[in-house]
Amino acid sequence: MRVFVTGATGFIGSYLVPELIKAGHQVVGLSRSDKSAEQLANAGAEAFRGDVNDLDRLRAAAETADGVIHAAFNHDFGNLKQHSEEDRKVIEALGEAILGSDRPLVVSSGTGLVRRSKTESPATETDGHFSSAEFSRAATEEAADAVIAKGGRVIVLRLSQVHDTRHQGRIAQHIKFARKKGRVAYVGDGQNRLAAVHVTDAVTLFKLALEKGVAGARYHAVGEEGVPMRDIAEVIGAGLKMPVESITGQEALDYFGVIAPLAAIDLAASSSLTRRQLGWETRGQDLLTDLREVDWTAA
Ligand SMILES: NC(=O)c1ccc[n+]([C@@H]2O[C@H](COP(=O)([O-])OP(=O)(O)OC[C@H]3O[C@@H](n4cnc5c(N)ncnc54)[C@H](OP(=O)(O)O)[C@@H]3O)[C@@H](O)[C@H]2O)c1
């Protein structure tokens, strides 16, 4: 399959492109710099120069592909609402390119955007999602819904915390705050959880979703349903050689600042249905092992 990939040189994309090529696909990656074009060429992919918000160019690239994986996103969280609304337009444009065909469009979302039907249970694939009025990043899920409603073969891949030994997403924030405060904190009993997936398993799921994904499906890239925040804090403490302590929700406002609500919530998620429907299996290293292997002198 000729696959157009946005975000092809990001954290996930740089694992995804070789995985797709190994599986026999021809990859065209969106590239906005000489450096990323070179990275794609070295991986054996073709570079399509452009910005993801240049919607005419984007549509043109998607129209010549047999399938599209959209993994680009601007993670400047200071302007999350703006970037989420831009993502809505990107998905609309990619959707226009695949409508009227059976060509798949796989979009990247997050398990944190799922509105759990049972708050005590992990988020499931059949659960709905928050609205963009509640969480601006949910614009992605809403945009996917709109293309699905028009008959497009859109597949939503909801990612949990993706990790290797160099990248652990929001955990970088916890490490940053610990360095700043000289101690590692978790909220309450620290039993609130974070679902996680090794990046090599996440990209296997992207490939399966592209090849076998059913229109309108939600798949969960979850290797571990929930790693307690206290366990994560203890590994950070060991790495940084700092004390680890419980703080109250009120103290979290001072310690974690704007991410305080996130630090306290439970983000467990399940992938049972995804595994059953796509035959997906996970083999990657677990989150705490990856964290223990972080280069703490550089982190
Ligand atoms: N990593 C996680 O734990 C996680 C969890 C949940 C959801 N997700 C979602 O999964 C997707 C991929 O995540 P990631 O971790 O791989 O993100 P990332 O490392 O930040 O990569 C983002 C990619 O988007 C590209 N991009 C950003 N703005 C662009 C623009 N204006 N024009 C063209 N390209 C642009 C970047 O291009 P350059 O390479 O040129 O910088 C990069 O390739 C995102 O939608 C993300 O929100 C990730």
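## Ligand site, sheet and cores

A nitrogen atom of the ligand sits 3.2 Å from a side-chain N or O atom of Asp-51. Keep in mind that this is a predicted model. Elsewhere, there's an open three-stranded sheet with mixed pairing, and the largest nonpolar core has 31 residues.

**Around the ligand**

- The ligand is surrounded by 21 residues, and the closest are Thr-9, Phe-11, Val-52, His-75 and Arg-137.
- His-75 puts a side-chain N or O atom 2.8 Å from an oxygen atom of the ligand.
- Phe-73 uses its backbone instead: an N or O atom there is 3.2 Å from a ligand oxygen atom.

**Thr-6**

- Thr-6 belongs to strand E1, which covers residues 2-6.
- With a relative accessible area of 0%, Thr-6 is buried.
- Its side chain makes a polar contact of 2.7 Å with the side chain of His-70.
- Setting aside neighbours within four places in sequence, Thr-6 touches Leu-30, Val-52, Leu-58, Ile-69, His-70, Ala-71 and Ala-72. Val-52 also turns up among the closest residues to the ligand.

**Asp-56**

- Asp-56 is in helix H3, residues 55-63.
- Is Asp-56 buried or exposed? It counts as exposed, because its relative accessibility is 57% and the cut-off for exposed is over 50%.
- The side chains of Asp-56 and Arg-59 are joined by a polar contact of 2.9 Å.
- Asp-56 and Leu-159 are 103 residues apart along the chain, and their C-alpha atoms are separated by 28 Å.

**The three-stranded sheet**

- The strand order is E7-E9-E11.
- E7 (161-163) and E11 (224-228) are the edge strands; each has a single partner strand, so one side of each has no neighbour in the sheet.
- From one strand to the next, the twist averages 45°.
- E7 and E9 (residues 193-198) run parallel and are joined by three bridges.
- Helix H8 (residues 229-240) lies across E9 and E11, at about 60° to E11.

**The nonpolar cores**

- As a general point, nonpolar side chains tend to be buried together in soluble globular proteins.
- Within the largest nonpolar core, the residues with the most contacts are Ile-171, Ile-232, Ile-236, Phe-256 and Leu-291.
- At least two residues of this core come from each of H6 (171-181), E8 (184-187), E9, H8, H9 (249-256), H10 (260-264) and H12 (287-292).
- Which element gives the most to this core? That's H8, with six residues.
- Beyond neighbours within four places in sequence, Phe-256 is in contact with His-174, Phe-177, Ala-185, Val-187, Ile-247 and Ala-263.
- There's also a second, separate core of 30 residues, with Val-162, Val-199, Ala-202 and Ala-221 among them.

**Ala-178**

- Ala-178 is buried, at 0% relative accessible area.
- Leaving out neighbours within four places in sequence, its contacts are Arg-183, Val-184, Leu-240, Met-242 and Tyr-255.
- Ala-178 and Asn-74 are 104 residues apart along the chain, with 25 Å between their C-alpha atoms.

Methods:
Residues numbered from 1 in each chain as written. Predicted model: local features only at pLDDT ≥ 70, side-chain atom pairs only at ≥ 80, totals over all residues. Heavy atoms only, no water. Helix = DSSP H or I, 4+ residues; strand = E, 2+ residues; numbered from the N terminus. Buried < 20%, exposed > 50% of the residue type's maximum accessible area, 1.4 Å probe, protein only. Polar contact = N/O pair within 3.5 Å; in protein donor to acceptor, adjacent residues only side chain to side chain. Pairing = 2+ DSSP bridges. Axes fitted to C-alpha atoms, helices over the stretch in contact; angles between N-to-C directions. Contact = heavy atoms within 4.5 Å. Core = buried A, V, L, I, M, F, W, Y, C linked by side-chain atoms within 4.5 Å. Near = heavy atom within 4 Å.
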